[in-house]
Amino acid sequence: MITTTLITISILYIVFVAGLLYVIFSGFLYGAMWMKLPKHRVEKMLKLSEVSKGKLVYNLGAGFGNVAFKAQELGASVVAVEADWFKAWWIKRQIRKKKLKNISCIRDNLVSVDLRRADILLCYL
């Protein structure tokens, strides 16, 4: 009984640590580390780029979508571009969960995406 419980706890611990290390260090696989932007910097970046209703915004290297979701709140149509499968999945999950209409996520490398339609490009790498 104790052995089975100990093995189960050990496996769960290893999976947790592996997942945590993946989230922290996956940037080495995709070219850039993820860093959460402070709220005041996100707001300043969106203000300087004049994000507003009717604009098409591409957020390159979207991470977990903080900038993309804030741009969407300002009324812009947003395309979040993220190479990391987990972060792209997370953004898509949040879009479905919040039932958002004018935001989408593309899982692709930012240099491979056609940016000709974009009014504004946001990139924090």
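Two residues are in contact here when heavy atoms lie within 4.5 Å. Keep that in mind for the tour, which visits a predicted model where local features need pLDDT of at least 70, side-chain atom pairs count only at pLDDT 80 or more, and totals for chains, interfaces and linings use all residues. Residues are numbered from 1 along each chain as its sequence is written, and side-chain values use heavy atoms, with hydrogens and water left out.

**Stop 1: Asn59**

Select Asn59, which sits in strand β1 (residues 56-60). Strands are DSSP runs of E with at least two residues, helices are runs of H or I with at least four, and both are numbered from the N terminus. Is Asn59 buried or exposed? With a relative accessible area of 4%, Asn59 is buried (buried means under 20%, exposed over 50% and partly exposed in between, using a 1.4 Å probe and protein chains only). Now show the neighbours: leaving aside residues up to four places away in sequence, Asn59 touches Val67, Ala68, Val79, Ala80, Val81 and Leu122.

**Stop 2: helix α3**

Next, select residues 39-48, helix α3, and colour Val42, Met45 and Leu46, which are buried. These residues cover an arc of only 95° around the axis, so they lie on the same side of α3; the arc is that of the directions from the helix axis to the C-beta atoms. Then turn to the face away from the buried side, where you will find the exposed residues His40, Lys44, Lys47 and Leu48. Just after α3, look for Glu50, with a positive phi of about 55°.

**Stop 3: the aromatic cluster**

Select Phe64, Trp85, Phe86, Trp89 and Trp90, which ring pairs link into a cluster. Rings of Phe, Tyr and Trp (its six-membered ring) pair if their centres lie within 6.5 Å; planes under 30 degrees apart are stacked, over 60 edge-to-face and the rest tilted. The whole structure has 5 aromatic pairs. Zoom in on Phe86 and Trp89: their ring centres are 5.7 Å apart and their planes are at 35°, so this pair is tilted. Both belong to helix α5 (residues 85-98), where being 3 residues apart separates them by about one helical turn. Phe86 is partly exposed at 23% relative accessible area, and Trp89 is partly exposed at 40%.

**Stop 4: Leu21**

Finish at Leu21 in helix α1 (residues 2-25). At 43% relative accessibility, Leu21 is partly exposed.
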